[in-house]
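Subject: Model for your review

Dear colleague,

I am handing over a structure that I would be glad to have you look through. Please open it alongside the notes below.

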2 protein chains.
Amino acid sequence: MATQTKPVLYGYFRSSCSWRVRIAFALKGVEYDQVPVNLIKDGGQQLTEQYKTRNPMQQVPAVEVDGVTLSQSLAVIQYIDETRPGPRLLPADPKKRAQVRMISDLIASGIQPLQVSNYDRQVGVISFPKHIANFKFISEPFSLESILKQTSGKYCVGDEISMADICLVPQVYNAERFKVDVGQYPTIKRLNQTLLEIEAFKVSHPSCQPDTPAELRT
Amino acid sequence: MATQTKPVLYGYFRSSCSWRVRIAFALKGVEYDQVPVNLIKDGGQQLTEQYKTRNPMQQVPAVEVDGVTLSQSLAVIQYIDETRPGPRLLPADPKKRAQVRMISDLIASGIQPLQVSNYDRQVGVISFPKHIANFKFISEPFSLESILKQTSGKYCVGDEISMADICLVPQVYNAERFKVDVGQYPTIKRLNQTLLEIEAFKVSHPSCQPDTPAELRT
């Protein structure tokens, strides 16, 4: 095992991908430092040359850990899971592990509204219609609900918390910000309610991060 | 270990995500059956009720294996890697494994042109400008090239073939279909050329699948 260091998370309170990583740290009981990267201020602090040196993808989250910088939240979460003690975030059974990854990828590979607005800014030449921000939540919850009906127990896959749950809650939070009625999806709604009662999901919530603006704190 | 069955791949010759799975099977030496799902014909065969029963996400690929149906190519590839003998598709070292997943997710979580046209059809209400199909290739190769400069040896991460290579080649193929000049990205170009010489990438190529139309065979 390489020398383990206290991870540093470059994130944004409201980024769903940053929240995923915060939940994973909290579930594993890993202490970490946060460096806020404001996606709105100064035209997007993730686009600065300084940040680009750290993460060429110019996205949050990025995590400095054990001498490397990692981005892409699912890669970070699985790295933390594989190198730190504490409850496992992927099940031991390969089939269940595959289901966890399938659900996580389904959520992660969709269009994230914040990323869209970010790309828009970067690319310049492309103008996205505003309604594309809602796109993800129009097309995918139906299929996600169908999958979760088959895989879920108390949590997304069986009765153990996993990376799939880590992905679900921030996605529902985003959907609700965009006024999607999650009540249409009873499995998603039930799982989300159960998960929000858990301490790791509470302490990592966008409403109580170091960079959460005072008016959004609850 | 559960009883292992011969996997059945529901895919499409030109789907980059289907190709990823075909490469993985070929690298691992796993025999499998293919059932073509034509994404164009009949308004998209993946949208039929029959296919929806199999894969609620109505996307290819889907793989029936060991009594379960899995979708999302990276979940499928990692399942095959974890349950089948043969060369490993993710490195043993956790940091390198994280880099492989980071690169794979960067490629996989972008906008896939074929998926976009699929969503378009499903959702109906949203009309994507045609140039969005090119979007992925405008914004992301720069960051992918920067990452690969740091991580690559002979292959995407060091000198062992991995899931990152499996993702790279179909993406370059797509980019070239959309007339992107890959020569701008020397690392991507070099890796792609090296990988295309490997038998597993050749036998799985879109130009020689059971459902490849005669006029596209080479």
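What follows is a summary of the fold of chain A, then of the aromatic pairs and the cysteines.

This is a predicted model, in which local features need pLDDT of at least 70 and side-chain atom pairs count only at pLDDT 80 or more, while totals for chains, interfaces and linings use all residues. Residues are numbered from 1 along each chain as its sequence is written, chains are lettered from A and ligands numbered from 1 in the order in which they are written, and side-chain values use heavy atoms, with hydrogens and water left out.

Chain A contains ten helices and four strands, these being DSSP runs numbered from the N terminus (H or I over at least four residues for helices, E over at least two for strands). Along the sequence, the elements of chain A come in the pattern β-α-β-α-β-β-α-α-α-α-α-α-α-α. Of the 218 residues in chain A, 59% are buried, where buried means under 20% relative accessible area, exposed over 50% and partly exposed in between, with a 1.4 Å probe and protein chains only. Among contacts (heavy atoms within 4.5 Å) in chain A between residues at least 6 apart in sequence, 69% join residues at least 24 apart.

The four strands of the open sheet in chain A are ordered E2-E1-E3-E4, with mixed pairing, two strands being paired if DSSP finds at least two bridges between them. Strand E2 (33–36) and strand E4 (68–71) of chain A stand at the edges with a single partner strand each, so one side of each has no neighbour in the sheet. From one strand to the next the twist averages 20°, with axes taken as lines fitted to C-alpha atoms (for helices over the stretch in contact) and angles running from 0 to 180 degrees between N-to-C directions. Strand E3 (residues 62–65) of chain A runs antiparallel to E4(A) and is joined to it by four bridges, and Ala62(A) stands opposite Ser71(A) in E4(A).

Helix H1 (residues 16–28) of chain A packs on this sheet, touching strand E1 (8–11), E2 and E3 of chain A, and its direction makes about 155° with that of E1(A). Helix H3 (residues 73–83) of chain A also packs on the sheet, where it touches E3 and E4 of chain A, with its direction at about 125° to that of E4(A).

Over all chains there are six aromatic pairs, meaning rings of Phe, Tyr and Trp (its six-membered ring) whose centres lie within 6.5 Å, with planes under 30 degrees apart counted as stacked, over 60 as edge-to-face and the rest as tilted. One of these joins Tyr12(A) and Phe13(A), whose ring centres are 4.9 Å apart with planes at 65°, so the pair is edge-to-face. Tyr12(A) is buried at 5% relative accessibility, and Phe13(A) is buried at 4%. In chain B, Tyr12(B) and Phe13(B) form an edge-to-face pair, with 4.9 Å centre to centre and 65° between the planes.

Finally, the search of the whole structure finds zero disulfides over all chains, a disulfide being a pair of cysteine sulfur atoms within 2.5 Å. Cys17(B) is in no disulfide, and the nearest cysteine sulfur, that of Cys167(B), is 8.4 Å away. Cys17(B) is buried with a relative accessible area of 10%, and Cys167(B) is buried at 0%.
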